[in-house]
Amino acid sequence: MIEFRQVTKRYSRFVTALDGINLSFQKGEFAFITGPSGAGKSTLLKLLYAAERPTSGDVRVEGRSVSRLHPTSVPYLRRNMGIVFQDFKLLPRRTIVENVSLALEVCGVPPRQTRRRVMETIERVGLNGLHERLPGELSGGEQQRAAIARAIVGKPTIILADEPTGNLDESMSHDIFELLSSICRHEGATILVATHDMAEVALWPFRQVRLWESRIEADRPALWQPWEHYPSGLERETEETAEPTEDQESEAPENEEFILSDYNIPPLREDESTDEGPPPILDGGAASEATSADAPEAGDVEEPAPVPKADSIPPARSDSEAEDASPTPDGGVA
Ligand code: ADP
C-alpha cells in the first residue's frame, strides 16, 4: 500500500536526508520510524504527504506515485491521510469541537453529519466533556488527543504521526501510543509513527524501521499487528442517524494556515470530476465517506458544495508538468 522505491532526498548538495530508501508498508500496519534527530524520520513522512518530493526514486501510495502528483492533486491525497504533529497545531481560538469539525467542513461534509461524527470522535479519543474548551485550557496530552481526533475524524486510511509525544511526559506519551494502536486496531488505518522515544517503542510489539544517517539501519518486523488479536477489529463502526447542528462560521481567522492550506480544497471543475485517470489513489477517507454514508438525505435543505469523490483525483502528471505548475503551499505543516 505504501512503497518507497530507491528514494533519495537531498535538501542541498551537502544535506542528504534520505539515501536509497526501499521500504513498504501494508494496509492496516502499525510501524514505528525511529532513529536519532536528523536521521530522516520527518522527511520520510513528508514525502508521503507530499510536503517534500524525492530527489530521485519514487514514493507510491496504493500503486500511485505521490512523488509526481500534480500540486493541485495534493489536497486530495491528504484528505485520505490524518497527520499528527509534535506541537499539535490546534487553532488556539477555536474550541476542540470546532478544531475537529474543520477537518470535515472543508471536505464538504454536511453540518449535521459533521456534528455527530465530531462528537463521536471526541468521545473516541477520551475527551468527553472537554469539547467546548479552547486548546489552551487542556493539558498537553489532551491537546494531542484533540489533534488525533482531528486527524481521524475523516476516517483516513493512513495516519502519519511525527513525534506525537515529543512534548509530553512519559505517562501521557504512553496513553497516546495506546490510543494510536487502538485506532489501528479498530479503524483499520495504516499508522506510521516517527519517534525517537526508544523507551516507549520498546514496550510495543510493532514493526520498527530504524533510520541512521539517512539510511535504514534495521527493519525489525512486528511480533504481531494491533488488530491480530481482534478478529472484528477492522470493521468500521456503523453510521447512525445524524443530529442537526448550528451553522459554522466560514471566515478563516489568522493562524489557521495549517488547516486551511492542508484541507482547503479548490472546488472540483466539471471536467475534472469526469476525469478518466488511473484508479483512485486511496479509498475510504472523508471525501468518499461524504459521498456515500454521509450523503445528504433527500429533501435535505442544507445541501453543501459538491464533494469530490476519491476517484476524481486528477491523475499524476509528468515531472515537467508538475514543475511548470504554480507552487502549492507545502501544507504549512513543516
Ligand atoms: P528527523 O526527523 O529524523 O530529525 P529530518 O528528516 O527532520 O530528521 O532531517 C533529516 C536531515 O535533513 C537533517 O540533517 C536536517 O537538518 C535536514 N533537513 C530537514 N529539513 C530540511 C530543510 N527543509 N532544509 C534543509 N535541510 C533539512
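## A tour from the ligand to a hairpin

Start by selecting Tyr11, Val15, Ala17, Gly35, Ser37, Gly38, Ala39, Gly40, Lys41, Ser42 and Thr43, the residues around the ligand (a residue counts as near a molecule if its C-beta atom, placed from the backbone, lies within 6 Å of it). What you have open is a predicted model: local features need pLDDT of at least 70 and side-chain atom pairs count only at pLDDT 80 or more, while totals for chains, interfaces and linings use all residues. To find your way, note that residues are numbered from 1 along each chain as its sequence is written.

Colour that shell by residue type and you get four nonpolar, six polar and one charged. Here Ala, Val, Leu, Ile, Met, Phe, Trp, Tyr, Cys and Pro count as nonpolar, Asp, Glu, Lys and Arg as charged, and the others, Gly among them, as polar.

Which element gives the largest share of the shell? That's H1, with three residues. Helices (H or I, at least four residues) and strands (E, at least two) are DSSP runs, numbered from the N terminus.

Now select H1, residues 41-48: the helix lies across strand E1 (2-10), E2 and E4, running at about 120° to E1. For that angle, axes are lines fitted to C-alpha atoms, for helices over the stretch in contact (C-beta atoms, placed from the backbone, within 7 Å), and angles run from 0 to 180 degrees between N-to-C directions.

Next, show the open sheet: four strands in the order E2-E1-E4-E5, with antiparallel pairing (two strands pair if DSSP finds at least two bridges between them). Its edge strands, each pairing on one side only, are E2 (16-25) and E5 (64-65). Zoom in on E4 (residues 56-61), which pairs with E5 over two bridges; click Arg60 and you'll find its bridge partner in E5, Ser65.

Hop over to E3 (residues 30-34), which runs parallel to its partner E9 (residues 207-212) over four bridges. Ile33 has Val209 in E9 as its bridge partner. E9 also pairs with E10 (residues 215-220), this time antiparallel over five bridges, and Leu211 stands opposite Ile216 in E10.

Last stop: the E9-E10 hairpin, with two residues between the strands. Most residues other than glycine have a negative phi. Glu213, not a glycine, has a positive phi of about 45°, and Ser214 also has a positive value, near 75°.

Is Glu213 buried or exposed? Glu213 counts as exposed because it has 12 C-beta neighbours inside 10 Å, whereas Ser214, with 21, counts as buried. The cut-offs are 20 or more other C-beta atoms within 10 Å for buried, 12 or fewer for exposed, and partly exposed in between, with C-beta atoms placed from the backbone.

How values were computed. Contact = placed C-beta atoms within 7 Å.
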